[in-house]
Each structure stands twice: as structure tokens, then as C-alpha cells.
Amino acid sequence: VEKIIISELEKSDYSILSEEAGTIEGKSKNKRWIIDPIDGTFNFLNGLPHFAISIAYEENGEVVLGMIFDPIKNETFAAHKGSGAYLNNSRIRVSKKSDLKSSCLVTGGPKSASKKKEAIIDEYKKISMKTDAHIRKSGSAALDLAYVAAGRYDGYWQREINYWDIAAGIILIKESGGFINTVKGDDFSKEKIDIIATNSKIHKELKDLL
């Protein structure tokens, strides 16, 4: 999948960051494609029909275009800066839920090798108690963000996530009216990112818990 995507996107002469291939320098250093060829690999390998192809386009460090494609459900989530977010050409918006207790949240991790594993599990327990355990784990960060953008989930958080997992989701959340940032409020340039994305109405409450 990655080879097919890269062979097409290399024609643009832009740089590329991809999960498997790493960094491929192009003629345009300030323009970059960010690729996750299959987000939700473990689901894919186990025959679970919940995974996606994620492609984002970045200019000068800012994601301005993103596409997340779920081939099983034939759903394409796409957004362009200033033009809104769409699901199969129909406009999408984040949910309007303002009560964290009744919100449906989604998360992922931790990985077994994580040094923060116990703290992440404790954090999960704390948030679970605040939301009547309305928390899901889907196995695909890209689709988690797409679903927040479409109003299916009200919020998402995850510790130690990779940039290629969330790059396309960043613009989807912004263009659908939601909030997305790191837990500490810094940029997305770190190797492992602690991310939070919501419909904006529960953002502060969820962030304070984190």
C-alpha cells in the first residue's frame, strides 16, 4: 500500500514522511506529504474491519489538507483549510454534547514497552469514572479523529502517538469545528505526541483531567 501511494505522490516533487519508509526528501522541503498506509494494522491483520489509509499535506509545518479513507465501509473523510470537513462529499460537524459524563470518548494504548504504562492505565481509570465508562478503544487513531470530526465520538485522547497517525485528523477536527492540541499545549513536532481532540464543548474538562 505504501509503495503505491509513494509512487504517485513522488510525482509532486514534495517531501514525504511515511510510517514505514521514513523521510523522503523532495525538491520542495517546505511542502510535505504525511502517510500512514494502514492505520489500524493489528485490526487489519486479525480480520477486524476497522482500519484506514491516512494522507495529509503539510506546508511550512502546518497541515492544510487531510484525507482518511476507510476501504471497508467506503467512507472518505476529507478536509482542506478554510473549506470545511466532509464525509463522502457531505459536510460534517463535531457533536454538540457539552456534558462530559454522558460523552462517548475514545482512546488507545498504552503499548507494553511504554515507560508510562501504569500512569496511562491510571489515567484511563480516572476518566472512565468521570464518564460512566463511555470509553471505546477502536485500534485506529486516524479513524478515531475522523469519528470525532463526524460527531460519532465526542472526544479522543491518546498518549505517545505518532505524527503520521494523527496528521490528517488534525485538519479534519479543525475544519469540523472541534479543538485539537497536545495535552501540554505545544506543537505536534515531538516524536511521541500526547494528543487531545474534542467537539470543543468538553475540551477544557477533559484536558484538566489529563
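Okay, ground rules before the tour. The model is predicted, so local features need pLDDT of at least 70 and side-chain atom pairs count only at pLDDT 80 or more, while totals for chains, interfaces and linings use all residues. Residues are numbered from 1 along each chain as its sequence is written, and side-chain values use heavy atoms, with hydrogens and water left out.

Let's start with the eight-stranded sheet. The sheet is open, its pairing is mixed, and the order reads E2-E1-E3-E4-E5-E6-E7-E8. When I say strand or helix, I mean DSSP runs numbered from the N terminus: E with at least two residues for strands, H or I with at least four for helices. Two strands pair if DSSP finds at least two bridges between them. At the edges sit E2 (22-24) and E8 (90-91), each pairing on one side only.

Going through some of the pairs: E1, residues 14-18, runs antiparallel to E2, with three bridges joining them. Ser18 has Gly22 of E2 as its bridge partner. Then E4, residues 52-59, pairs with E5 in the antiparallel sense over seven bridges, and there you can find Ser54 opposite Ile68 of E5. That hairpin has two residues between the strands, and Asn60 takes a positive phi near 50°. Next along, E5 and E6 (residues 75-80) are antiparallel too, with six bridges; Gly66 is partnered by Ala79 in E6. The E5–E6 hairpin has four residues between its strands, and Asn74 in the turn has a positive phi of about 55°.

E9, residues 105-107, pairs with E10 in the parallel sense over three bridges, and Thr107 has Lys137 of E10 as its bridge partner.

What packs on this sheet? For touching, or contact, read heavy atoms within 4.5 Å. For angles, axes are lines fitted to C-alpha atoms, for helices over the stretch in contact, and the values run from 0 to 180 degrees between N-to-C directions.

H4 turns up at the eight-stranded sheet as well. There, H4 lies across E3, E4, E5 and E6 at about 100° to E5. H5 lies across E1, E3, E4, E5, E6, E7 (84-87) and E8, running at about 105° to E5.

So how do H4 and H5 sit against each other? Their axes come within 8 Å and cross at roughly 5°. That makes H4 roughly parallel to H5, a label that covers angles under 35 degrees. On the H4 side, the contact uses Ala141, Ala142, Leu145, Ala146, Val148 and Ala149; on the H5 side, Asp165, Ile166, Gly169, Leu172 and Ile173. By class that is nine nonpolar, one polar and one charged. Nonpolar here means Ala, Val, Leu, Ile, Met, Phe, Trp, Tyr, Cys and Pro; charged means Asp, Glu, Lys and Arg; the others, Gly among them, are polar.

Last stop, the pockets. A pocket is an open set of points on a 1 Å grid over the protein atoms alone, where a 1.4 Å probe fits, with protein on both sides within 12 Å along at least five of seven lines; lining residues have an atom within 4 Å of a point. Points are joined across faces, edges and corners, and the volume is the space filled by probe spheres set on them.

The largest pocket holds about 680 Å³. Its lining has 28 residues, with Gly109, Lys111, Gln158, Ile161 and Asp165 nearest the centre. E3 (28-39), H2 (41-45), H4 (141-149) and E11 (155-161) each give two or more residues, and E11 gives the most, with four. The lining splits into seven nonpolar, ten polar and eleven charged.

E5 (62-70) and H5 (163-175) are the elements giving two or more residues, with H5 giving the most, at four.

Definitions and conventions. Parallel < 35°, antiparallel > 145°, perpendicular 65-115°, else oblique.
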